[in-house]
Amino acid sequence: MISPLEALGWNDSFLEPEDRVDFDRARLGRVVGQHRRQWDLLAEEGLLRGSLAGKRWAPGAGQEHLEIQPVVGDWVTYRSDTGSTPIIDRILPRRTELRRGAAGRNGQGQVVVANVDVVAVVCAFAPPDVKSHVMRRSLNPRRIERYLTAIEAGGARPLVVLNKADLAVDPEQARSELEARLHGVRVISTSAKDESATLAIISELLPQQTVGFVGLSGVGKSSLVNRLVRQERQRTQEAREADARGRHTTTHRELFTTPSGILIIDTPGMREFSLGETTASDLAAFSDIARLAERCRFGDCSHGQEPGCEVRRAVEDGSLDQDRFESYRDLFREIQEHERQKREDPRRRRPGRGN
Ligand code: GDP
Ligand code: ZN
């Protein structure tokens with residue numbers, strides 16, 4: 001039997017050698033969710049909601065200010081007295097991390113998740129008869145290579161997942177060509193519609209390893225994650241769970257255990273990671289739509305139900321391809337969501353802060 005902490009991915013390699021002898025595992029937890037200034041932890045005593053020691057928030061904390069905040073996947077130690085909020089006092093050194101904007105001005109970016117062993121880059125085949133631009137872009141080797149660069153920079157192992165294999169004429173051919181190009185990065189093809197997708201992914205991981213999924217919206221990340229987790233998972237809605245003291249508490253779980261023993265991190269931060277570096281160029285490819293949008297009646301037109309929308313008019317009169325419009329709209333929504341989260345999450349308000 002493995003211990004509850006091991007089931008969450010714990011092993012002693014997270015400890016410095018000098019810590020290994022006397023380390024008090026009863027005070028270890030893994031960050032499974034993030035609130036504004038509190039973190040949900042899973043620990044031996046169950047689910048806890050922890051805060052950072054007050055001094056960490058003082059302006060005097062300076063440079064370290066942002067870096068020392070826990071992110072989903074972190075292992076932390078905490079203190080707790082009966083009846084009071086557990087205080088996170090230490091973040092154990094991260095074995096791997098994923099930074100958003102790693103190619104940014106200061107070359108640093110912001111850590112979005114920690115201690116992921118594998119990052120799966122999900123791409124999708126498109127049916128041969130449908131001009132799906134999202135899918136074509138998702139399979140673009142140069143785009144994939146950009147992801148791989150960032151993943152490897154953080155120390156995680158990349159895995160490329162070509163999903164929607166059921167739509168492809170010859171998925172194996174595409175898979176082996178890409179694998180040859182990517183020099184040593186494993187490429188698998190799956191169909192989330194098919195039970196075998198679970199096994200295909202699990203076979204690439206060891207039990208108790210942590211995996212996260214990145215990729216454009218629409219490629220099947222949720223479908224794959226749902227298959228692996230096999231339970232109703234509330235990704236965006238708030239869920240109510242009982243904490244270690246038996247109280248019901250609102251959590252926002254972003255790290256999940258699965259029946260196979262692998263752990264899955266599915267956080268908005270990780271999904272946005274796909275956008276950090278690619279937004280501008282993606283939308284630059286839609287300059288025809290941007291030109292139409294300039295003539296919409298409302299400056300902030302979402303090209304949905306608004307009156308006077310030139311983009312929808314172009315779709316209706318056939319001068320703009322419907323599928324191209326949809327792929328633009330998907331990306332546009334992703335970006336809006338990204339901006340919304342940036343506004344709501346004070347830590348993300350100023351890019352590069354703390355570095
Ligand atoms: P996400 O945005 O990456 O999380 O993508 P979703 O999991 O929401 O999937 C987007 C759409 O693609 C949904 O309609 C899914 O049913 C569909 N889909 C996902 N995986 C597959 C697959 O392997 N084959 C086919 N044909 N459709 C899929
Ligand atoms: Zn419009």
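**Exercise 1. Is His 303 buried or exposed, and which residues hold the zinc ion (ligand 2)?**

The model is a predicted one, in which local features need pLDDT of at least 70 and side-chain atom pairs count only at pLDDT 80 or more, while totals for chains, interfaces and linings use all residues. Residues are numbered from 1 along each chain as its sequence is written, chains are lettered from A and ligands numbered from 1 in the order in which they are written, and side-chain values use heavy atoms, with hydrogens and water left out.

Step 1. His 303 counts as buried because its relative accessibility is 3%, where buried means under 20% relative accessible area, exposed over 50% and partly exposed in between (1.4 Å probe, protein chains only). Cys 301, at 5%, is likewise buried.

Step 2. The protein donors of the zinc ion (ligand 2) are Cys 296 (SG), Cys 301 (SG), His 303 (ND1) and Cys 309 (SG), at 2.1 to 2.4 Å; donors are N, O and S atoms within 2.8 Å of the metal (3.2 Å for Na, K and Ca), and since water is not among the atoms, sites may look incomplete.

Step 3. The angles among the four donor atoms run from 103 to 116°, and the site is tetrahedral, a label that requires all angles of four donors to lie between 85 and 135 degrees. Along the sequence the donor residues follow the spacing C-x4-C-x1-H-x5-C.

**Exercise 2. Describe the surroundings of Asp 74**.

Step 1. Asp 74 sits in the loop between helix H2 (64-67) and strand S4 (75-79), helices (H or I, at least four residues) and strands (E, at least two) being DSSP runs numbered from the N terminus.

Step 2. With 0% relative accessibility, Asp 74 is buried, and its side chain reaches the backbone nitrogen of Val 71 at 2.8 Å.

Step 3. Leaving aside residues up to four places away in sequence, Asp 74 touches several others, among them Arg 30, Ile 91, Arg 94 and Asn 115, a contact meaning heavy atoms within 4.5 Å.

**Exercise 3. Which strands stand at the edges of the six-stranded sheet?**

Step 1. The sheet is open, with mixed pairing and the order S10-S9-S8-S11-S15-S14; two strands pair if DSSP finds at least two bridges between them.

Step 2. Strand S10 (186-189) and strand S14 (255-257) are the edges, because each has a single partner strand, so one side of each lacks a neighbour in the sheet.

Step 3. Strand S9 (residues 157-163) pairs with S10 in the parallel sense over four bridges, and Val 161 has Ile 188 of S10 as its bridge partner.

Notes: A polar contact is a pair of N or O atoms within 3.5 Å; within protein, one must be able to donate a hydrogen and the other to accept it, and residues adjacent in sequence count only if both atoms are side-chain atoms. Four donors count as tetrahedral if all angles lie between 85 and 135 degrees; four count as square planar and six as octahedral if opposite donors are over 155 degrees apart and all others between 65 and 115; anything else is irregular.
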